[in-house]
Amino acid sequence: MQDIIRQLEQKRQAARLGGGQRRIDAQHAKGKLTARERLELLLDAHSFEEWDMLVEHRCHDFNMQQTHIPGDGVVTGYGTINGRLVFVYSQDFTVFGGALSEAHAEKICKLMDQAMKVGAPIIGLNDSGGARIQEGVASLGGYADVFQRNVLASGVVPQLSLVMGPCAGGAVYSPAITDFTFMVKDSAYMFVTGPEVVKTVTHEEVSAEQLGGARTHTSVSGVADLAFENDIEALISLRHFINFLPANNRERAPRWPTDDTADRQDLALDTLVPEDPNKPYDMHEAILKIADEGAFFELQVNYAKNIIIGFIRIEGTTVGVVANQPMVLAGCLDIDASRKAARFIRFCDAFNISLLTLVDVPGFMPGTAQEYGGIIKHGAKLLYAYAECTVPKITLITRKAYGGAYDVMSSKHLRGDVNLAWPSAEIAVMGPKGAVEIIFRKDLHDQAKIASHTEEYKAKFANPFIASERGYIDDVILPHNTRQRVARSLAMLRNKSLENPWRKHGNIPL
Amino acid sequence: MVFNKILVANRGEIACRIFSTAKRLGIATVAVFSDADRHARHVGMADESVNLGGQSSAESYLVIEKILHACRQTGADAVHPGYGFLSENAEFRAALDTAGLVFVGPALHAIKSMGDKITSKLIAKKAGVNTIPGYTDVVVDADHAVAVSAEIGYPVMIKASAGGGGKGMRVAWDEAACREGFQRATNEARASFGDDRVFIEKFIQEPRHIEIQVMADTHGNVLYLGERECSIQRRHQKVIEEAPSPFLDEATRRAMGEQSCALARAVGYQSAGTVEFIADAERNFYFLEMNTRLQVEHPVTECVTGFDLVEWMIIIASGGCLPVNQDAVVLKGWALEARVYAEDPLRNFMPSTGRLVGYCEPEGEGVRVDSGVIEGGEVSIYYDPMIAKVITYGADRGEAVERMSTALDGYYIRGVNHNISFLSALMGHPRFIAGRLTTNFIADEYADGFNAAHVSTEDSLVMVAVVAALHHRKMARAALLSGQLEGREYSPPSDWMVLLGAQSFSVQMHSDTSGVRVLLANDEWLVETKWRLGEPLVKAKVNGRDVILQVESNEITFCLRYRGTELEARVLSPRAAELSVHLLHKEPVDMSKFLISPMPGLLVSLSVEAGASVKKGQELAVVEAMKMENSLYAADDGTILMLSATVGDTLAVDQVILEFE
């Protein structure tokens with residue numbers, strides 16, 4: 001027995017040391033923390049309960065039987081963040097470059113299965129060179145086993161990926177399926193094929209950073225939601241982020257007490273929308289002034305900036321925000337913006353997070369680039385997401401709500417629960433100039449007539465009245481009361497219950 | 001009898017200032033506004049308002065006919081011009097006379113004679129006022145300027161005849177600078193005043209700007225209300241003013257006051273006026289000019305005399321007598337005024353414009369804020385960048401300074417860059433505290449610009465203690481999050497590391513009924529505060545001492561402003577702090593290879609071409625913003641790789657103008 005305990009201690013020691021001090025030093029020299037150090041910072045102190053520390057690979061090819069490191073390149077288990085249960089895996093780059101073996105995959109699958117049973121989020125800290133090539137198809141099978149679980153867990157428990165090192169080839173598809181992907185700048189990269197293969201196949205010369213670094217994926221591809229400066233910032237931010245999410249799809253969105261009163265008025269909002277309808281303003285200000293304590297956790301900050309998504313709290317409870325941004329492309333909906341918002345809306349819907357939609361949208365982006373790129377289908381994703389959504393939906397039109405984009409942006413017709421408008425709202429098929437040029441085509445040569453038609457059109461449609469006469473808008477509110485009105489509406493909707501018809505699943509236009 | 005309705009032909013803080021006195025006196029008020037000022041504070045404050053149309057002041061506040069029309073439209077029987085705009089415009093004064101409207105200010109003759117710097121000097125000399133050696137006639141061209149300067153002796157000052165506010169003024173230390181300065185002063189004078197005449201005078205070294213407030217009625221009574229020292233200036237724009245001056249003795253004060261009254265009598269002055277002097281180290285003083293209007297800095301005089309100068313102006317304009325005589329003018333206590341400008345001290349004070357996303361003025365004993373803005377208002381490119389004036393009053397200079405520091409700490413402005421940190425730093429500057437001022441104070445003490453990262457040990461400990469307490473509050477709240485594992489709820493640790501700028505401090509926090517106790521640097525710091533999460537202002541007692549800090553925090557950082565310091569703080573667990581040694585230090589992107597526009601503006605000139613080699617300090621480009629020409633200089637020797645902008649371009653802030661090799 002003593003001997004067993006001694007052996008156990010030795011094995012644990014070996015597991016803790018991972019690939020050895022030399023490799024740990026190399027990891028540190030790259031500005032990266034080790035798998036275990038990362039868990040220490042992510043989880044509440046002393047809360048981590050590790051599983052499968054002694055798992056080893058079963059490969060006998062290419063002399064792999066010579067090298068066994070307990071844990072096999074991934075640290076798995078559960079712990080708490082702010083007292084709330086989470087399941088985690090943290091890939092250890094010091095052990096076989098974090099390469100995924102069959103056993104490594106089994107460890108991940110085990111914790112995912114358990115997380116599903118108890119209904120707790122799954123967090124992956126990715127730092128892996130890829131498949132364990134020596135194991136061949138067994139490694140590939142391991143990936144697929146993880147993917148399958150990612151898919152089954154989707155919409156059941158929140159899944160988060162924090163990419164803190166390489167994540168290449170098949171490995172990228174796990175973060176791709178998870179709900180949110182974060183990356184660490186300069187040390188993380190993700191791509192399906194690396195720079196060498198790219199060069200061979202397409203003769204493009206591109207660095208790993210340019211091809212799949214954090215900046216690329218948070219501003220060009222939209223694959224990742226946020227990029228952080230370093231491991232420590234990333235882990236601390238993740239701790240804060242998870243505070244917004246419920247543990248699973250049956251739990252209410254989390255809540256905490258706040259000092260910020262629900263009836264706080266903000267007079268500055270009365271002047272946020274400029275008189276000139278073509279002058280932009282920063283929608284962030286409206287979000288920050290509506291939110292508890294002026295706090296907004298924005299996602300995909302640098303991607304499709306014409307739409308803003310992220311989490312705020314109202315009276316202490318998480319609310320998802322989707323807002324057009326007039327500062328960028330006048331707030332037009334395009335392919336990227338539609339996809340960005342649609343996926344976020346579906347996350348909120350899956351996890352009982354109420355949605356607040358702020359609308360200032362002149363329409364969908366015109367042009368061949370958009371049409372050839374399939375704006376019809378991609379725009380439909382946003383429409384679909386809003387329409388199928390059953391969580392409380394509050395919509396506020398701050399200025400323009402034109403054309404099909406009006407319908408899409410959580411309109412009354414798509415089961416918006418509370419649809420509000422500021423006095424500056426203009427709800428119409430299109431802007432005055434375009435409309436007049438179509439309706440009064442015969443008068444186009446006569447500037448004076450066109451001007452008078454434009455005035456007439458403005459008087460009729462450049463206001464929230466027609467929509468409110470029809471009940472498409474529940475009320476026109478003064479901007480300084482927005483927080484109060486939103487908070488009341490959310491309180492009223494707290495026990496909203498709405499179910500979509502039974503089906504195997506809908507067929508969102510992918 | 002006092003009139004019924006007063007129109008203020010001005011905007012911003014001074015319009016608001018005048019309205020408040022008028023309201024107190026029961027006089028109806030009329031505001032005028034440009035299109036750009038539609039939502040401005042002064043418009044909301046008046047009983048009635050008239051839109052002048054236009055955006056720039058040339059299209060609105062400076063159009064005499066529009067002002068007259070507004071008077072007719074509203075039935076206003078008097079006009080207060082404020083300062084700037086039409087306040088010293090003789091044509092305006094005459095037009096009001098013709099229209100039978102009362103001008104709240106001096107008579108036409110005084111405006112005319114004092115408005116011209118050359119005429120005013122001649123009159124002053126004749127009235128027995130000390131004047132500076134110089135050539136008081138118009139300088140015709142650059143050659144003439146050089147000849148005149150040689151006669152006076154360098155250094156010389158080239159000034160616009162119609163000037164004021166630092167516009168159209170250039171100092172020349174040699175012939176080359178004299179030629180360039182003449183050209184610049186002429187150009188600026190033409191652009192700003194529509195009058196390109198300039199003159200030249202001796203430039204006085206170690207000068208102090210001290211001015212005398214005079215008041216005269218239409219019955220021949222003239223008195224002076226002591227002095228104001230306005231030596232703290234940046235590029236001839238006043239930044240800090242105070243009354244009294246820490247420099248004057250009673251004899252000099254009386255001499256200056258009596259000469260000022262003599263001048264006022266000489267021009268038949270009536271209403272409020274200011275006689276500006278320059279004083280040298282020996283307390284010699286020379287007449288600079290007389291401003292025939294209410295000065296921006298009049299509140300400091302109001303504080304130390306207890307009189308309302310606007311009220312007096314109204315009484316005088318309506319034919320009344322000055323309510324007191326000279327013997328009743330007693331200076332009591334000390335007052336300071338700090339001008340809050342929308343300009344960025346960290347970017348060489350470049351003007352900043354935009355929406356006031358957040359705005360909250362300080363309050364407190366002995367604190368007065370004269371402002372013309374509201375939260376959600378716009379600081380536009382069309383007008384002066386001064387947002388407000390903070391005036392503090394105390395029994396002595398020390399108390400006034402301390403109150404100013406506290407008031408500035410509590411002045412919250414977001415959306416536009418502003419100079420509050422710089423003002424705070426001035427309040428803490430030993431030379432300022434000692435009262436050793438000259439008009440070169442800022443140029444001397446901040447020769448390399450202003451750095452808000454400088455912090456004293458004591459201030460940094462206060463900041464750390466407060467950050468620790470706030471972090472403690474945040475953690476305590478996070479511990480109340482729903483959905484925690486029962487029996488395993490989060491209990492925040494008490495040991496943390498606070499990183500402030502480049503320093504790190506180990507802290508231990510505990511809270512009890514009196515507040516948060518922070519163990520820091522072997523001392524216990526008690527932080528008592530009613531701060532609510534998310535509030536940008538933290539009012540706290542730190543070890544019994546009242547402090548105000550401004551804090552913006554996100555998941556990772558606390559951005560702090562306190563006593564002229566702007567610093568970022570982070571609170572890490574001791575383990576995270578320990579592990580942070582492994583993080584790589586990332587160099588920020590090197591922007592030194594680019595000349596970037598420090599503000600939005602118009603590219604007026606480019607002095608170099610691609611391929612040119614330039615010397616450190618050489619002028620590369622001139623950007624015009626807010627009617628000021630701002631020269632951009634080479635930070636180092638180098639060669640120009642390419643020009644990225646062309647003359648006439650409208651530049652955004654940070655836009656690249658040219659690239660070095």
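Q: In which order do the eight strands of the open sheet in chain B stand, and in which sense do they pair?
A: Strands of a sheet pair through backbone hydrogen bonds, either parallel or antiparallel. In this predicted model, eight strands of chain B make an open sheet with the order β14-β13-β10-β11-β12-β15-β22-β20, and their pairing is antiparallel.

Q: Which strands stand at the edges of this sheet, and why is one side of each left without a neighbour?
A: The edges are taken by β14 (285–291) and β20 (367–371) of chain B. Each has a single partner strand, so one side of each has no neighbour in the sheet. From one strand to the next, the twist averages 25 degrees.

Q: How many bridges pair strand β11 with strand β12 of chain B?
A: Strand β11 (residues 222–234) and strand β12 (residues 237–243) of chain B pair over four bridges, in the antiparallel sense. As an example of a bridge, Glu229(B) has Glu242(B) in β12(B) as its partner.

Q: Which helix packs on the sheet, and which strands does that helix touch?
A: The helix is α9 (residues 250–266) of chain B, which touches β10 (208–216), β11, β13 (271–279) and β14 of chain B. The direction of helix α9 makes about 110 degrees with that of β11(B).

Q: What is the strand order of the open sheet of four strands in chain B?
A: The order is β32-β39-β37-β34 in chain B, and the pairing is antiparallel. Its edge strands are β32 (594–596) and β34 (613–614) of chain B, each of which pairs on one side only. Strand β34(B) is joined by two bridges to strand β37 (residues 638–643) of chain B, and the two run antiparallel. Within β37(B), Thr639(B) is the residue opposite Ser613(B).

Q: Where do cis peptide bonds occur in chain B, and what is omega there?
A: Pro155(B) belongs to the loop between α7 (142–152) and β7 (156–164) of chain B. Another cis bond joins Ala243(B) and Pro244(B), where omega is also about -5 degrees. Pro244(B) is found in the loop between β12 and α9 of chain B.

Q: What is phi of Asp72(A), and is the value positive or negative?
A: Phi of Asp72(A) is near 55 degrees, a positive value in a residue that is not glycine. Asp72(A) is placed in the loop between β1 (49–51) and β2 (74–81) of chain A.

Q: How many residues of each chain take part in the contact, and what area is buried between chain B and chain A?
A: Chain B gives 38 residues to the contact and chain A gives 44 residues. The buried area is about 3400 Å², and carbon and sulfur atoms give 56% of it. On the side of chain B, Arg477(B), Leu481(B) and Glu555(B) lose the most area to chain A, together 19% of what that side buries.

Q: How many salt bridges and polar contacts cross the interface of chain B and chain A?
A: Six salt bridges are found across the interface of chain B and chain A. One salt bridge brings together the side chains of Arg570(B) and Glu233(A), at 2.7 Å from N to O. By class, the side of chain B that touches chain A has 15 nonpolar, ten polar and 13 charged residues.

Q: Why does the pair of Glu293(A) and Arg477(B) join two chains?
A: Glu293(A) and Arg477(B) form a salt bridge, with their closest N and O atoms 2.8 Å apart. Glu293(A) lies in the loop between α11 (283–290) and β10 (297–299) of chain A, and Arg477(B) lies in helix α16 of chain B, so the pair joins two chains.

Definitions and conventions: Residues are numbered from 1 along each chain as its sequence is written. Chains are lettered from A and ligands numbered from 1 in the order in which they are written. This is a predicted model: local features need pLDDT of at least 70, side-chain atom pairs count only at pLDDT 80 or more; totals for chains, interfaces and linings use all residues. Side-chain values use heavy atoms; hydrogens and water are left out. Contact means heavy atoms within 4.5 Å. Buried area is the accessible area (1.4 Å probe) that two parts lose on being put together, summed over both. A salt bridge is a side-chain nitrogen of Lys or Arg within 4 Å of a carboxyl oxygen of Asp or Glu. Ala, Val, Leu, Ile, Met, Phe, Trp, Tyr, Cys and Pro count as nonpolar, Asp, Glu, Lys and Arg as charged, and the others, Gly among them, as polar. Two strands pair if DSSP finds at least two bridges between them. Axes are lines fitted to C-alpha atoms, for helices over the stretch in contact, and angles run from 0 to 180 degrees between N-to-C directions.
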